[in-house]
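Here is a short briefing for a first look at this structure. Keep the sequence and the 3D view side by side as you read.

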Amino acid sequence: MDYKKIKIPHHVGIILDGNGRWAKERGMKRSSGHEAGFDNLVGLSKHMFNTGVKILSVYAFSTENFKRSKEEVNFLMNLFENKFKKYAEELKKENIKIVFSGGREKPVKEKLLKIIDECENITKDCTRGILNICFNYGSHSEIVQAIKKIHKDLEDNKIKEKDLNEDMVYHYMFQDLEPIDFLIRTSGELRLSNFMLYQLSYAELYFPKTYFPDFNNKEFDKALIEYTKRDRRFGGIDYSK
Ligand code: IPE
Ligand code: IPE
Ligand code: MG
């Protein structure tokens, strides 16, 4: 596919879903699905940046995912501890910067927070694209912390109420990134599950049935073709059509 000839979304969001069902269908434990999902993400994200995507936000673990069994949560935490750093090193070679969005409070362990900081640190000068990993992330809690920061800056006279606008709110999110253009949620679920609600207001939505570990480069190219067919109107009308 000639990616130069098609419209490429600037910021893509992925709710990577279906790891557990992927494993269950194969008679394997849910943990094998998470492992396969992570390994898929490494190759897929590189491919996405190669097509021309500039920002990729991935939903890796929600604040609500702590409701899962101790065994599953521990497995995921260990997986992130073991794999984030190597992923960051690979992305550094691709000149991709890694940033994280999400809460840093308990039960997230100190050891993992250190690894997260290291990943951000070793890729901080990269310029070809940004991978935003949403970990212990919830959109409601992101918005609440933004409101608190805005309140504080108003009190400290750092900003004036009359200057506060919609664009400025992005600046108070976990990461100051542009709106999402294209959201993909794998596995056929038709909901957002508390993912980037402010940033998704005019995103095009795409819900393939494929489970995330099987959502490969070819599947993403199919998604891109679908994106090129969308008519993004942002509330306006093109009267010349
Ligand atoms: C997504 O896969 C990964 C995480 C939420 C961490 P799931 O674990 O939600 O897989 P399903 O939805 O149960 O199949
Ligand atoms: C959303 O998936 C969270 C992540 C992909 C990290 P879930 O599988 O947790 O969402 P629900 O529970 O089906 O809404
Ligand atoms: Mg799920």
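Helix H3 (residues 70-93) packs against helix H4 (residues 110-122) at an angle of about 10°, and their axes are 9 Å apart. H3 is therefore roughly parallel to H4, since angles under 35 degrees count that way. The model is predicted.

**H3 against H4**

- Packed helices are described by the angle between their axes and by the distance between the axes.
- On the H3 side, the contact residues are Met77, Phe80, Glu81, Phe84, Lys85, Ala88, Glu89 and Lys92.
- On the H4 side, they are Lys111, Leu112, Ile115, Ile116, Glu118, Cys119 and Ile122.
- An α-helix has 3.6 residues a turn, so residues three or four places apart point the same way.

**The sheet**

- The sheet is open and has 6 strands. Their order is S3-S4-S2-S1-S5-S6, and the pairing is parallel.
- Strand S3 (96-101) and S6 stand at the edges. Each has a single partner strand, so one side of each lacks a neighbour in the sheet.
- From one strand to the next, the twist averages 20°.
- Strands of a sheet pair through backbone hydrogen bonds, either parallel or antiparallel.

**Strand S4 and its partners**

- S3 and strand S4 (residues 129-137) run parallel and are joined by 6 bridges.
- Ile96 has Gly129 as its bridge partner, Lys97 has Ile130, and Ser101 has Cys134.
- Strand S2 (residues 55-62) also runs parallel to S4, with 7 bridges between them. Here Val58 stands opposite Ile133 of S4.
- S4 is mostly covered, with 8 of its 9 residues buried.
- S3 is mostly covered too: 5 of its 6 residues are buried.

**Helix H7 and its neighbours**

- H7 covers residues 217-229, which makes 13 residues. From first C-alpha to last, H7 reaches 19 Å, close to the 18 Å expected at 1.5 Å a residue.
- The buried residues in H7 are Glu219, Phe220, Asp221, Ala223, Leu224 and Tyr227.
- These buried residues pack against helix H2 (30-51), strand S5 (182-185) and strand S6 (204-206).
- H2 and H7 pack at an angle of about 40°, with 10 Å between their axes. They are therefore oblique to each other.
- The crossing of H2 past H7 is right-handed.
- In H2, the residues that meet H7 are Gly43, Leu44, His47, Met48 and Thr51. Their counterparts in H7 are Asn217, Phe220, Asp221 and Leu224.

**Backbone details in the loops**

- The peptide bond from Lys106 to Pro107 is cis, with omega near 10°. Pro107 lies in the loop between S3 and H4.
- Asn157 is not a glycine, yet its phi is positive, about 60°. Asn157 sits in the loop between helix H5 (139-155) and helix H6 (166-171).
- Ser187 also is a residue other than glycine with a positive phi, near 85°. Ser187 belongs to the loop between S5 and S6.
- Ser187 is buried, with a relative accessible area of 8%.

Conventions:
Residues are numbered from 1 along each chain as its sequence is written. Chains are lettered from A and ligands numbered from 1 in the order in which they are written. This is a predicted model: local features need pLDDT of at least 70, side-chain atom pairs count only at pLDDT 80 or more; totals for chains, interfaces and linings use all residues. Side-chain values use heavy atoms; hydrogens and water are left out. Helices (H or I, at least four residues) and strands (E, at least two) are DSSP runs, numbered from the N terminus. The expected span of a helix is 1.5 Å times one less than its number of residues. Buried means under 20% relative accessible area, exposed over 50%, partly exposed in between (1.4 Å probe, protein chains only). Contact means heavy atoms within 4.5 Å. Two strands pair if DSSP finds at least two bridges between them. Axes are lines fitted to C-alpha atoms, for helices over the stretch in contact, and angles run from 0 to 180 degrees between N-to-C directions. Angles under 35 degrees count as roughly parallel, over 145 as roughly antiparallel, 65 to 115 as roughly perpendicular and the rest as oblique. A crossing is left-handed if the near helix is turned anticlockwise from the far one by less than a right angle, and right-handed if clockwise.
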